[in-house]
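Open the model in your viewer and keep the selection panel at hand. This tour goes stop by stop.

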Amino acid sequence: METTLARTRRLGAGGVLAVVLAAGSFAAGAGTVPGSSAAPSGAPAALRPAPSIGGDKAALRLVSLAPSMTEVLFALGAGPYVVGVSDHCDHPPEVAGLPRVGSFLLPVVESVLALEPDLVITPPSPGNRNAVEALIRAGVAVEVVGEGTIADLRYAIARLGSRLAMGPEAGRLLARLDAELAALPGAGTEQSRPRVALVLTRRPLVLAGPDSYLGELIELAGGDNIATAAGGPWPRVAWEFLVASAPEVIIDLSMDGVGSTAARKAWRDHGELPAVAGGRVHAPDTGLYARPGPRLGQAARGLAEMIGAK
């Protein structure tokens, strides 16, 4: 039987991209899960208090249902209290030996409950709503924090810092993230920007839109996101839209292989696109870019290098 770790390695980037495309909000009209925060300024409803790290450290048990939130917890210094993670969590290296509780879209309630968590952290999604509600009915505290935009990530860091009595640590992490983003070539400038298409899947053709953290990073990294015209976080567009937009840089995060050589091979029959004709097609390691966490500054610098490369 395939082990959970083997399954995680096999799914790899695909699982992470599924998280990116699915996260954002619970299904319209489905109500609100207690503790959720659809917007960074929202005030989560009261939940059963979890033991704070500032109190009984030995008793605190955290479970994270998404790679981004796992990375945030470890960056805050809460890693020693994480007792379970999703199948797709693979960073930092310390998570390798932790119990797995299913995918972000389909967490296994029984596996989570078996770990006796004091707090479960998850981004919102229609896919995991039933599981989250089952955990709440079982008396587990659940913190639902968004991750669709940079503002969502900032709120998630601040909220978890407050919830876990790690406010100073959260403040330092936010200050570092803000400094990294402010140092990007496109931050606060109006210089000439190459047209950029950040492709999440090719069939169907899905791009990173202006209402997503990746769309925001394109602009901060000095690019002009062609998906701004389509709108939304992850717009599905026609091939004609891509051709008409004439991207000068293509960043391919699809699952057909990692590396610019593989990407150029996949795109080589589309020389009508300036990015292809100019050899400016890139396919970086998907994991870094498909999770809005504390490594967002690193991902942004990578985008800037690809956008600025000739």
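Select Arg291: is it buried or exposed? Arg291 is buried, at 4% relative accessibility. Buried means under 20% relative accessible area, exposed over 50%, and partly exposed in between (1.4 Å probe, protein chains only).

A note on the ground rules. This is a predicted model, in which local features need pLDDT of at least 70 and side-chain atom pairs count only at pLDDT 80 or more, while totals for chains, interfaces and linings use all residues. Residues are numbered from 1 along each chain as its sequence is written, and side-chain values use heavy atoms, with hydrogens and water left out.

**Stop 1: Asp90 and Arg291**

Asp90 and Arg291 form a salt bridge, with the closest N and O atoms 2.8 Å apart. The term requires a side-chain nitrogen of Lys or Arg within 4 Å of a carboxyl oxygen of Asp or Glu. Asp90 sits in the loop between strand 2 (82-84) and helix 3 (109-114). Arg291 is in the loop between helix 11 (286-289) and helix 12 (296-308), 201 residues apart from Asp90. Helices (H or I, at least four residues) and strands (E, at least two) are DSSP runs, numbered from the N terminus.

**Stop 2: Glu219 and Arg193**

Here the salt bridge spans 3.8 Å, N to O. Glu219 lies in helix 7 (residues 213-220) and Arg193 in the loop between helix 6 (167-182) and strand 5 (195-201), so the pair ties together parts 26 residues apart in sequence. Glu219 is partly exposed, with a relative accessible area of 28%.

**Stop 3: Arg195 and Glu248**

Select both side chains. They meet in a salt bridge at 3.5 Å, N to O. Arg195 is in strand 5; Glu248 is in the loop between helix 8 (239-245) and strand 8 (249-252), 53 residues apart. Arg195 is partly exposed at 30%, and Glu248 is partly exposed at 27%.

Now select Glu71, Asp90, Arg291 and Arg295 together. Salt bridges with shared partners join these residues into one network. The salt-bridge count comes to 11.

**Stop 4: strand 3**

Move to residues 119-122, strand 3. Leu119 and Ile121 on one side are buried, as are Val120 and Thr122 on the other. Strand 1 (residues 62-64) pairs with strand 3 in the parallel sense over three bridges; pairing takes at least two DSSP bridges between the strands. Leu62 has Leu119 as its bridge partner. Strand 4 (residues 142-144) also pairs with strand 3 in the parallel sense, over three bridges. There, Val120 is partnered with Val142.
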